[in-house]
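These are my notebook entries on a structure I went through on screen.

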Amino acid sequence: MSAATPQAVITTRALTKEYRRQEYHVYALRDASIDINAGEFVALMGPSGSGKSTLLHLIAAMDRPTGGEILVLGHDLRAMSESEVARWRNAHIGFIFQSFNLIPVLTALENVELPLKLTRLSRRERLDHARRALELVGLGDRLGHTPRQMSGGQEQRVAIARALVTDPDLILADEPTGNLDANSAKDVLSLLTRLNEEFGKTVVMVTHDPHAARTASHVRYLEKGRLLPNGEVPEDWAPIHA
Amino acid sequence: MLAIPISYNLRNLTARKTTTAMTALGIALTVAVLLSVSALVQGLRTSLAASGNPLQVLVLRKGGTAELNSVITRTAYQDILARPGIAHDEAGRPMASLEVVTVIVLESKENPSGININLRGLTPMGFRLRDEVKLTAGRMFRPGHREIVAGRSLVSRYGVHLGQKLRFGRGEWEVTGIMDGGRTSANSEVFADLNQLAADQNRSTALSSVLLRAESRDGVQTLINDLETDRRLNVDAMTEPAYYAQQTSSAMPIQALGTFVALIMSIGSSFAAMNTMYAAVARRSSEIGTLRVLGFSRRSILLAFLLESTLLSLIGGFLGCLLVLPLNGLETGVGSFVTFSELTFSFHITPQVMLTGVLFALVMGVLGGILPAASAARKQILSALKSA
């Protein structure tokens with residue numbers, strides 16, 4: 001009897017991102033091989049410059065690898081054109097930034113509606129979806145507020161609503177609690193956990209914060225551009241038990 | 001279809017009010033210069049176009065480009081009258097007017113050295129052939145007297161008034177009437193009795209032109225051909241509107257200069273719009289990166305910034321239209337290189353002129369916005385996000 005094989009939504013093999021500056025070669029990421037299965041909540045940790053954000057950007061197709069293979073949700077990202085990648089990202093990826101990256105001149109509702117502008121939904125449907133996403137993150141009463149009228153925690157919750165409004169398969173978060181106070185960080189992490197556990201979303205989160213990493217079901221470490229084997233931690237780092 | 005909502009562009013424009021206002025004002029001034037020139041040319045065209053009755057034919061000496069340098073003798077006039085196709089009035093008189101045209105210098109406070117004015121000697125039939133011309137004050141000049149009727153522009157611009165005595169030729173001429181020429185060039189002319197003026201100018205036999213009314217519209221061209229093919233007459237004939245249309249060349253130097261100034265200014269305004277948009281692209285680099293991450297294509301980014309530049313220029317365009325509106329109807333005059341006299345007319349701001357201004361602003365917006373928009377679209381996602 002064998003258990004059903006978990007479905008890998010992210011598979012990388014010897015994934016490499018190399019920058020060349022004249023005669024210097026700098027590896028932001030070198031030979032990273034990882035499998036992340038559907039429904040997992042994975043935290044990527046490591047010191048600054050370890051390559052964790054680079055790995056996240058490659059998974060989101062925000063950057064192109066210089067070597068290796070990458071398969072995300074069954075798509076070979078290297079084989080896709082730029083416009084195909086843009087459409088794919090809109091349909092399948094929800095991205096959360098450290099600095100929230102909301103559009104300052106748009107209201108919370110408009111910010112959340114924005115990714116839906118690329119879908120075939122009617123305006124009414126778009127607004128309905130955006131409203132429900134904001135209610136889900138507890139901001140149903142802040143629809144008409146602009147980012148300037150909200151706290152950092154609220155802004156990040158709007159950003160989470162924007163990331164989930166298209167019902168993506170994969171949520172990628174780059175230091176989502178990095179600019180937040182402890183209480184707001186806790187709220188954001190609870191939301192990510194809820195999205196993973198209640199809605200079955202696969203979440204990959206880059207973080208420096210051990211407390212944040214503890215909310216993940218798996219933690220993987222990177223050091224000097226290399227993904228450490230499962231269970232290994234960088235020197236001088238205490239292992240996190242998720 | 002634009003993926004990025006237009007409200008994004010509009011709010012970004014209102015978010016940086018000062019920059020938007022300054023750039024739009026620059027564009028508005030450029031548009032205002034162009035529109036002023038266009039309104040001036042349009043006013044002149046309207047005035048000259050209205051001056052001609054398509055049923056009427058103007059006869060000049062062969063090769064004569066204007067009434068001023070044309071000579072028609074009384075003998076030739078009698079021959080012309082004998083032509084078929086000329087309309088007759090209820091009394092059976094041919095509707096034809098032998099006229100003499102000369103130029104007098106009229107002094108004014110604005111122009112102490114004087115300005116050239118067309119002085120036209122004509123008969124009552126000549127007055128009748130000008131349907132739009134109406135006597136609004138005083139009375140008509142009397143044959144055989146040194147009396148004149150002045151166009152209303154001469155009253156408003158040069159203070160000509162009833163009873164005033166103007167000195168030219170061999171003596172003083174009294175202003176006995178003021179006429180309203182409607183939109184025609186008669187507003188900037190002075191009318192006098194043909195024979196009195198011809199005698200005064202020593203041109204009793206060598207007059208200037210003949211104005212004829214054809215019996216019918218279909219007969220106009222036949223009449224022209226008939227006159228021009230008669231070698232004895234040695235004349236050129238053309239419809240009255242065609243003659244006045246030729247005179248729009250008077251405005252060409254102004255139009256050329258104005259257009260040149262507007263073009264130079266438009267280059268400056270395009271650069272101002274470009275500068276504003278480059279600053280916007282630099283300031284909103286992170287937003288561009290974010291939009292790309294959300295799935296918006298490079299094309300969407302390009303269109304969004306191009307649209308913003310266009311909106312900015314349209315604000316300037318509409319503002320420019322508003323700036324020139326007070327000019328509408330304002331009376332002015334240009335010296336004609338054809339008649340060597342001043343032709344007065346009003347600035348005429350038509351919807352077409354306004355549309356020209358808005359389109360001109362649009363072109364400035366597109367030219368100023370295309371490079372910054374392209375640079376926004378070219379940005380790599382990560383470098384756009386990092387340059388925040």
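Which residues point one way from β7(A), and which point the other way? I found Leu170(A), Leu172(A) and Asp174(A) on one side and Ile171(A) and Ala173(A) on the other, and all are buried. Buried is used here for a residue with 20 or more other C-beta atoms within 10 Å of its own; exposed is 12 or fewer, partly exposed is in between, and the C-beta atoms are placed from the backbone. Strands are DSSP runs of E with at least two residues, helices are runs of H or I with at least four, and both are numbered from the N terminus.

Entry: ground rules.
I noted that this is a predicted model, where local features need pLDDT of at least 70, side-chain atom pairs count only at pLDDT 80 or more, and totals for chains, interfaces and linings use all residues. Residues are numbered from 1 along each chain as its sequence is written, while chains are lettered from A and ligands numbered from 1 in the order in which they are written.

Entry: the sheet with β7(A).
I traced an open sheet of 6 strands in chain A, in the order β6-β7-β8-β3-β9-β10, with mixed pairing. Two strands count as paired if DSSP finds at least two bridges between them. At the edges stand β6 (93–96) and β10 (226–227) of chain A, each with a single partner strand, so one side of each has no neighbour in the sheet.
Helix α5 (residues 152–164) of chain A packs on this sheet and touches β6 and β7 of chain A. The direction of helix α5 makes about 165° with that of β6(A). For such angles, axes are lines fitted to C-alpha atoms, for helices over the stretch in contact, and the angle between N-to-C directions runs from 0 to 180 degrees.

Entry: the two partners of β7(A).
I looked at β7 (residues 170–174) of chain A and β8 (residues 202–207) of chain A, which run parallel and are joined by 5 bridges. Ile171(A) has Val203(A) as its bridge partner in β8(A). β6(A) and β7(A) also run parallel, with 4 bridges, and there Ile96(A) is partnered by Ala173(A). In β8(A), Ala173(A) has Met205(A) as its bridge partner.
From β7(A) the chain crosses through helix α6 (residues 182–197) of chain A to β8(A), a right-handed β-α-β crossover. Right-handed means that, with the strands pointing away from the viewer, the path from the first strand over the helix to the second runs clockwise.

Entry: the other sheet.
I found 4 strands of chain A in an open antiparallel sheet, in the order β2-β1-β4-β5. Here β2 (24–37) and β5 (75–76) of chain A are at the edges, and each has a single partner strand, so one side of each is left without a neighbour. β4(A) and β5(A) are joined by 2 bridges, and Val72(A) stands opposite His75(A) in β5(A).

Entry: positive phi.
I checked two residues other than glycine. Ala61(A) has a positive phi near 60° and sits in the loop between α1 (52–59) and β4 (67–72) of chain A. Ala61(A) is buried, with 24 other C-beta atoms within 10 Å. Lys224(A) has a positive phi of about 50° and lies in the loop between β9 (218–223) and β10 of chain A. Lys224(A) is partly exposed, because 13 other C-beta atoms lie within 10 Å.

Entry: cores.
A nonpolar core is a set of buried Ala, Val, Leu, Ile, Met, Phe, Trp, Tyr and Cys residues joined through C-beta atoms within 7 Å. I read that the largest one has 124 residues, and that Leu134(A), Ala161(A) and Leu172(A) have the most contacts inside it. Its largest share, 13 residues, comes from helix α2 (residues 17–50) of chain B. Another core of 53 residues lies apart from it, including Leu58(B) and Phe141(B).

Entry: Leu319(B).
I found Leu319(B) in helix α11 (residues 298–324) of chain B. Leu319(B) is partly exposed, with 19 other C-beta atoms within 10 Å. Leaving aside neighbours within four places in sequence, Leu319(B) is in contact with Ala24(B), Leu25(B) and Ala28(B); contact means C-beta atoms, placed from the backbone, within 7 Å.

Terms used:
Contact = placed C-beta atoms within 7 Å.
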